[in-house]
Amino acid sequence: MSNTGFLEKKIEGLKDEGVYRKLPILEGANEAEVVLNGQKVINLSSNNYLGFANHPRLKKAAIEAVEKYGVGAGAVRTIIGNMDIHEELEEILAEFKKEEAVMVFQSGFNCNAGTIQAVTEKGDLIISDELNHASIIDGVKLSKADKAIFKHSDMEDLERVLKEKRENYNNVLIITDGVFSMDGDIAKLPEIVELAEKYNAMTYVDDAHGSGVLGKSGRGTVDHFNLHGRVDFTIGTLSKAIGVIGGYVATSKSAQEWLNHRGRPILFSTSLPPAAVGAIIEAVKILMETEEYTDKLWDNAKYFKEKLGKLGFNTGKSETPITPVIIGNEAESMEFSKKLKEEGVFVSAIVFPTVPKGTGRVRCMVTAGHTKEQLDRAVNAFEKVGKEMGII
Ligand SMILES: *Cc1c(COP(=O)(O)O)cnc(C)c1O
């Protein structure tokens, strides 16, 4: 009766390759210590950097927004789904990011998919770092502009592309992640901005892992390098450090107005639900009040990274709370993650094709929500399993 038998065969293929998996089931809120499929584990795998996903102030704000506005926006923003709290959110985000204007999307993914195609056209060129996020890759695919790739954070290669191609195009857009999610390294943004200015190109930074993490009170990579006013499009997510859901682009007023008319997720997908908007506004207010959360995040990240380093683990070139522990062999990386889970630490293995062959790893995400005691317990598990497997 079903026509999807071909998918059954594909699933068999996944099983043969050993990459078939079921989704882990989280029983309760996303916190530093959680119950996963019935087992209590220390959570070193979430993007909930500041512990906001279950923060009492955000929850209260969400409930209040539901009481006043209901559970759904009821329409796309361009029809009648643009509530006053959506406007309020964009204003407070623009103030926080110190940029002229902000356009909010339903997710970071959506923001890349909608923005890149709207601000480029035939006759333009997009130049993208080879390690950019999947949503950028998809966003670029939706654009009618030509595409070029530069080697990861390689400024000579970026300049080579600009030299070779710049004069053949109208507008040129250089796109980079702010913080790269698999290694935790930071984009060479000052150099990228200088090259962009030299070759008259626009810049686009996807700061999903930089927002709420880098810069003063988590204002992001642009703030970290003090490049305000020199990056044309800064994308942030509201789903990671901010703890809720959504994405945004901080940009000029004119770009924001253009997205209002041509950003397809704005025109064709319902706006964020009131509960999410209320919670996000509260999160931004907290960040504007205090650096307590970002300080704690960095303190924990340094503590954890130092301990792993002392034990002899290779944490790669991470400059942020994203802490890869590089194992190398793919199967060994999976085994390492599995054994850590048996010891009560949940940290996901990341292997080819997500990272290059032979650079398999587990990726630890330290948050402000972890206690030192929890981090110590995690380090002990790393030591035990690392020695057992002959990694350290
Ligand atoms: C996570 C991520 C996104 C997607 O953000 P969501 O809000 O989860 O959709 C986009 N870009 C980068 C670089 C990311 O890491």
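Asn-200 is found in the loop between helix 7 (189-198) and strand 7 (202-206), where helices (H or I, at least four residues) and strands (E, at least two) are DSSP runs numbered from the N terminus. The phi angle of Asn-200 is near 55°, a positive value in a residue other than glycine. Most residues other than glycine have a negative phi, and most peptide bonds are trans. A cis peptide bond, with omega of about 10°, joins Phe-352 and Pro-353. Pro-353 has its place in the loop between strand 12 and strand 13 (360-365).

The model is predicted, and local features need pLDDT of at least 70, side-chain atom pairs count only at pLDDT 80 or more, and totals for chains, interfaces and linings use all residues. Residues are numbered from 1 along each chain as its sequence is written, and side-chain values use heavy atoms, with hydrogens and water left out.

The ligand was examined next. There are 14 residues around the ligand, and Gly-108, Asp-206, Thr-237, Ser-239 and Lys-240 come nearest; a residue is near a molecule or strand if one of its heavy atoms lies within 4 Å of it. Helix 4 (residues 108-119) provides the largest share of this shell, 3 residues. By class, the shell divides into 2 nonpolar, 9 polar and 3 charged residues. In this division Ala, Val, Leu, Ile, Met, Phe, Trp, Tyr, Cys and Pro count as nonpolar, Asp, Glu, Lys and Arg as charged, and the others, Gly among them, as polar.

An oxygen atom of the ligand is 2.8 Å from a polar backbone atom of Gly-108. For Ser-239, an N or O atom in the side chain is 2.5 Å from an oxygen atom of the ligand. The corresponding value for an N or O atom in the side chain of Lys-240 is 2.6 Å, again to an oxygen atom of the ligand. Of the 380 Å² of accessible area that the ligand has on its own, the protein covers 86% (Shrake-Rupley method with a 1.4 Å probe; for residues, only the protein chains shown count as cover).

A cavity is a set of points where a 1.4 Å probe fits but cannot get out, whereas a pocket is an open set with protein on both sides within 12 Å along at least five of seven lines; lining residues have an atom within 4 Å of a point. Grid points are joined across faces, edges and corners, and a volume is the space filled by probe spheres set on the points.

The largest pocket holds about 960 Å³ of space. Its lining has 24 residues, of which Arg-21, Lys-22, Met-334, Ser-348 and Ala-349 are the closest to its centre. Helix 13 (330-342) and strand 12 (349-350) each supply at least two residues of this lining, and helix 13 gives the most, with 5 residues. The lining of the largest pocket has 13 nonpolar, 5 polar and 6 charged residues.

The second largest pocket holds about 450 Å³. Among its 19 lining residues, Leu-131, Ser-181, Met-182, Thr-354 and Val-355 lie nearest its centre. Domain 1 (18-47 + 291-389) and domain 2 (68-289) each contribute at least three residues to this lining; the bounds come from an automatic or database domain assignment. By class, 8 lining residues are nonpolar, 6 polar and 5 charged.

The count of cavities of 30 Å³ or more comes to 2. About 60 Å³ of space lies in the largest cavity, and the residues that line the largest cavity include Arg-77, His-86, Phe-105 and Pro-265. Strand 3 (101-105) and helix 10 (264-268) are the elements that give two or more residues to this lining, which divides into 5 nonpolar, 4 polar and 1 charged. The second largest cavity has a volume of about 30 Å³. Leu-93, Phe-96, Ser-211, Gly-212, Thr-237, Ile-242, Tyr-248 and Val-284 line the second largest cavity, with 5 nonpolar, 3 polar and no charged residues.

Key:
On a 1 Å grid over the protein atoms alone, a cavity is a set of points where a 1.4 Å probe fits but cannot get out, and a pocket is an open set with protein on both sides within 12 Å along at least five of seven lines; lining residues have an atom within 4 Å of a point. A polar contact is a pair of N or O atoms within 3.5 Å; within protein, one must be able to donate a hydrogen and the other to accept it, and residues adjacent in sequence count only if both atoms are side-chain atoms.
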